[in-house]
Amino acid sequence: MAEGKECPVKVAVRSRPLSVKEEHDGATRCLEFIEDKSQVVVALEKGFTFDYTFDDETTQETVYKKCVAHLVDMVLQGYNATVLAYGQTGSGKTYTMGTDYHYSNQLTETDIQGIIPRALIDIFKKIKDMPDAECLVKISFIEIYNEEVYDLLSTVRQRKSVHIQKQNSSVVVLGLEELKVNSVEVALSCLKKGCETRTKGATALNANSSRSHAIFTVHVEQLLVDGYKKKSKLHLVDLAGSEMVRKTKSEGDRFKEGVNINLGLLALGNVINILCTEGGRKQQNYIPYRNSTLTRFLKDSICGNSLTVMIACINPADSNLVETVDTLRYANRARNIKTKPVINRC
Ligand code: ADP
């Protein structure tokens with residue numbers, strides 16, 4: 001890949017199978033996948049084309065190999081990369097990303113294993129085969145809930161102060177744990193611990209983890225033989241349920257929680273809407289990243305120095321048609337976004 005060249009955000013769509021309950025309730029599938037055209041057709045009418053389409057029989061391994069494995073290679077070459085899972089609650093974001101703590105630390109590649117554990121296994125395997133570079137891997141895991149940032153790797157679910165850097169308005173989380181990990185086992189146990197903290201935190205608040213955004217980051221630092229360092233990051237993001245946006249719009253600002261959670265998704269939608277037009281991209285200074293903690297965090301992933309893949313997760317049931325079409329429209333716009341990845345040498 002040529003460094004500094006514009007690179008479109010790649011978008012995948014993945015449908016989960018109908019659940020037993022949906023089948024029992026008489027729901028029918030409203031999606032048809034046309035594999036050779038990379039298309040999904042909704043209710044026999046509206047067709048959407050994506051970079052990758054995964055029907056309800058696609059395995060976790062296939063999703064990883066097609067959408068993520070090349071990003072891991074690029075991260076080890078010194079580029080930043082991001083994988084974002086978007087979709088309504090219950091559409092398969094957790095399953096796809098592998099942020100369910102029951103399964104997150106399994107070392108063997110069972111089919112249930114999602115993207116994050118697979119990426120960790122892959123990274124450590126590949127590092128072993130890189131004789132020239134000394135590699136340091138660190139992990140951080142945060143949750144954005146109500147516009148606040150929580151560190152999921154500290155012993156208790158802790159709110160962190162966010163510092164905004166003046167020069168580029170990017171976010172620095174003060175005191176955030178970046179745990180050095182020297183084996184895949186330790187990395188997987190961090191993932192499990194963070195997922196558990198997230199679930200317990202949500203239970204304590206009588207909420208649901210689908211109301212927060214979870215960002216698992218693998219930081220890779222390579223000391224090269226010529227004395228240079230390469231620093232790169234892989235952000236793996238499980239976004240809050242997209243139906244929250246609709247709820248906020250219909251409920252106005254009655255609930256602080258609703259508003260703040262959705263603020264992130266609304267702001268992300270606004271940024272995507274601007275970035276997906278040629279004119280919008282030229283107005284870099286006016287892109288409203290600052291409107292939410294999520295968009296500040298993802299600024300590089302959606303516009304700057306990152307290779308990015310968005311996975312739009314959808315529910316196949318006809319009863320969810322409206323949300324599904326919303327998700328597909330959102331994801332379709334994201335295909336017009338371009339980033340400019342460069343190797344981070346220092
Ligand atoms: P979300 O994170 O979007 O709220 P989940 O990942 O929790 O949704 O998925 C909802 C349910 O569907 C879970 O029981 C999950 O195991 C199941 N599921 C999701 N995607 C798939 C899939 N591709 N294959 C089989 N089961 C799936």
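Colleague: How many of the eight residues of strand 16 are buried?

Modeller: First, the ground rules. This is a predicted model, where local features need pLDDT of at least 70, side-chain atom pairs count only at pLDDT 80 or more, and totals for chains, interfaces and linings use all residues. Residues are numbered from 1 along each chain as its sequence is written. Strands (E, at least two residues) and helices (H or I, at least four) are DSSP runs numbered from the N terminus; buried means 20 or more other C-beta atoms within 10 Å of the residue's own, with C-beta atoms placed from the backbone. Strand 16, residues 307-314, is largely enclosed by the rest of the structure, because the buried count is eight of eight.

Colleague: Which residues of strand 16 point the other way from Leu 307, Val 309, Ile 311 and Cys 313?

Modeller: In a regular strand, side chains alternate between the two faces of the sheet. Both sets here are buried. The other set is Thr 308, Met 310, Ala 312 and Ile 314.

Colleague: Which residue of strand 16 is the bridge partner of Arg 14?

Modeller: Two strands pair if DSSP finds at least two bridges between them. Strand 2 (residues 10-15) runs parallel to strand 16, with six bridges. The partner of Arg 14 is Cys 313.

Colleague: What stands opposite Leu 84 in strand 16?

Modeller: Strand 7, residues 81-86, also pairs with strand 16. The sense is parallel, over six bridges. Opposite Leu 84 stands Met 310.

Colleague: Which residue takes a positive phi in the hairpin of strand 3 and strand 4?

Modeller: Strand 3 (residues 31-34) and strand 4 (residues 39-42) pair over four bridges. Ile 34 stands opposite Gln 39. Four residues lie between the strands, and the one with phi near 55° is Ser 38.

Colleague: Within what arc do the buried residues of helix 11 fall?

Modeller: Buried residues in helix 11 include Glu 323, Leu 328 and Tyr 330. Seen down the axis, the buried residues line one face, because their arc, taken from the directions from helix axis to C-beta atoms, is 160°.

Colleague: What span should helix 11 have at 1.5 Å a residue?

Modeller: Helix 11 has 14 residues, 321-334. The expected span is 1.5 Å times one less than the number of residues.

How values were computed: A residue is buried if 20 or more other C-beta atoms lie within 10 Å of its own, exposed if 12 or fewer, and partly exposed in between; C-beta atoms are placed from the backbone.
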